[in-house]
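The stops below are given in the order in which to select them.

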Amino acid sequence: MSESTEQLGALLYATKSGDFVRFRSDPADETIGAIVRSVTSQGAEGCEDFRRELSEAGSNTLRLFAMRRTLQARRNASLSLISEAMDCYALLPRIDDVPWDSWFKGTLFVARSLALDIESLRDRFAELASSDAIKRGDAAIESMSRVDSLFQCQLSEVTTTYGTGFLELLVFNFFAKAGWLGNRRLAVNDIDYQPTTNLAQVAVNLADSLDSSGRLVVGPIGQDQLAATTFSLSVPGSYLPTTGCLSFIAEGADAGPSFCVVIAEMTDDADIPSLAAAATDIDDQAAIFDSRRLIVMSAQPNFEDMNEADADVDFYDYERLALVALEEATNSQWKSP
């Protein structure tokens, strides 16, 4: 098994491979798929040897592969890709390596939508996984009887020019302090994502344009919250209410300045022009908006050398690209998934 773990450890996904909105093919998928099939063909004993030798980097690669296979299965209505994703979860060495409440359940949800027998998936998982993982997997599988939407799997399906994509939704668990009963979960705060417009397409349009400029490399698009600090002291509270909020980092090529882009669809009572003006009043920020949506670009601090002054970002060209991104997404037809 050492050859398989070494081969997996030598593989690195590109940063863009973790983007499930602008989802793109990656040749590493087929190589990793071949490794997974080779290991699982060795049965429970071979899988246990593989888990023992798997590095943290290898686990991260395997988990990302499983997530990618789940989305690919959704796109292609593929039963075999579901099986590969489940096999990957079984091969992960630590319980916390598996995203049980999100992607694991999401894989089961997609499997069920394809009329795949969940019990057969459970039996296959039990053949390959560790005893602790089998117990945790059984709990997740049992809970699927109460799941009727992807939102309950902490995932949201989006549709853009890249096709079907997934957003992993933000969930914050609040725990009491450790005591003789251990850490007790007090509450769960789910951050909703229910925009009335195709917010994901706005993010895709702008990310593509920034990439095409040749001056920036855009990272994965993910769900976010609109921080009140974006608007200085003019807005109370920690976060502004939105119907949906996305963000990504645009890193400067050749050590150029980087900035964060936040795209939010505001609630009906929001004074968007005033918010945009407040955001623009802050140094190294720019804000662009239309009747419903607000885009804020904020320069990133230089974390590599705290003694070096942050480079100023000239947002003028990027503001024009943001306006076009809003216009193009408004003119495109879209239905909420």
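This is a predicted model: local features need pLDDT of at least 70, side-chain atom pairs count only at pLDDT 80 or more; totals for chains, interfaces and linings use all residues.

**Whole chain**

Zoom out and colour by secondary structure. The protein chain has 11 helices and 12 strands. Of its 337 residues, 47% count as buried. Among contacts with a separation of 6 or more, 65% are made by residues 24 or more positions apart. If you draw the accessible surface, its area is about 16,700 Å², and carbon and sulfur atoms account for 49% of it.

**The end of helix 4**

Is Ser78 buried or exposed? Its relative accessibility is 14%, below the 20% cut-off, so Ser78 counts as buried. Show side chains here: those of Ser78 and Ser80 make a polar contact of 3.1 Å. Beyond its neighbours within four places in sequence, Ser78 is in contact with Ala73 and Leu114.

**The largest nonpolar core**

Next, select Ile32, Leu62, Tyr89, Phe104 and Phe125. These residues have the most contacts inside the largest nonpolar core, which has 53 residues. Helices 2, 3, 4, 5, 6, 7 and 8 are the elements that give two or more residues to this core. Which helix supplies the largest share? Helix 5 does, with 8 residues. In soluble globular proteins, nonpolar side chains tend to be buried together.

Centre on Tyr89 and display what surrounds it. With neighbours within four places in sequence left aside, Tyr89 is in contact with Ala66, Met67, Thr70, Val98, Pro99, Trp103, Phe104, Thr107 and Phe125. Apart from this core lies another, of 33 residues; Val158, Val202, Ala207 and Ala322 are among them.

**Helix 7**

Return to Phe125 and select the whole of helix 7, residues 118-128. Its buried residues are Ile118, Leu121, Phe125 and Leu128. Turn the view to look down the axis: the buried residues of helix 7 fall within an arc of 85 degrees, so they line one face of the helix. An α-helix has 3.6 residues a turn, so residues three or four places apart point the same way. To see what the buried residues of helix 7 pack against, show helix 2 (28-40), helix 3 (43-53), helix 5, helix 6 (100-113) and helix 8 (131-143).

**Aromatic rings**

Show the aromatic side chains. The structure holds 9 aromatic pairs. For one of them, select Phe259 and Tyr318: the ring centres are 5.1 Å apart and the planes are at 35 degrees, so the pair is tilted. Phe259 belongs to strand 10 (residues 259-266) and Tyr318 to helix 11 (residues 316-331), so the pair ties together parts that are 59 residues apart in sequence. Both partners are buried: Phe259 has 0% relative accessibility, and Tyr318 has a relative accessible area of 6%.

Then select Phe20, Phe23, Trp103 and Phe166, which ring pairs link into a cluster.

**Two stops among the strands**

Move to Leu169, in the loop between strand 2 (163-168) and strand 3 (171-175). Leu169 is buried, at 10% relative accessibility. Excluding residues up to four places away in sequence, Leu169 touches Phe151, Gln154, Leu155, Ser156, Ile191, Tyr193 and Gln223. Draw a C-alpha to C-alpha distance from Leu169 to Phe151: it is 8.0 Å, for a separation of 18 residues in sequence.

Finish at Tyr239 in strand 8 (residues 239-240). Tyr239 is partly exposed, with a relative accessible area of 46%. Which residues does Tyr239 touch, not counting those up to four places away in sequence? They are Gln225, Leu226, Ala227 and Ala228. Tyr239 and Gln225 are 14 residues apart in sequence, and their C-alpha atoms are 6.6 Å apart.

Note on methods. Residues are numbered from 1 along each chain as its sequence is written. Side-chain values use heavy atoms; hydrogens and water are left out. Rings of Phe, Tyr and Trp (its six-membered ring) pair if their centres lie within 6.5 Å; planes under 30 degrees apart count as stacked, over 60 as edge-to-face and the rest as tilted. Helices (H or I, at least four residues) and strands (E, at least two) are DSSP runs, numbered from the N terminus. Buried means under 20% relative accessible area, exposed over 50%, partly exposed in between (1.4 Å probe, protein chains only). Contact means heavy atoms within 4.5 Å. Accessible areas come from the Shrake-Rupley method with a 1.4 Å probe; for residues, only the protein chains shown count as cover. A polar contact is a pair of N or O atoms within 3.5 Å; within protein, one must be able to donate a hydrogen and the other to accept it, and residues adjacent in sequence count only if both atoms are side-chain atoms. The arc is that of the directions from the helix axis to the C-beta atoms. A nonpolar core is a set of buried Ala, Val, Leu, Ile, Met, Phe, Trp, Tyr and Cys residues joined through side-chain atoms within 4.5 Å.
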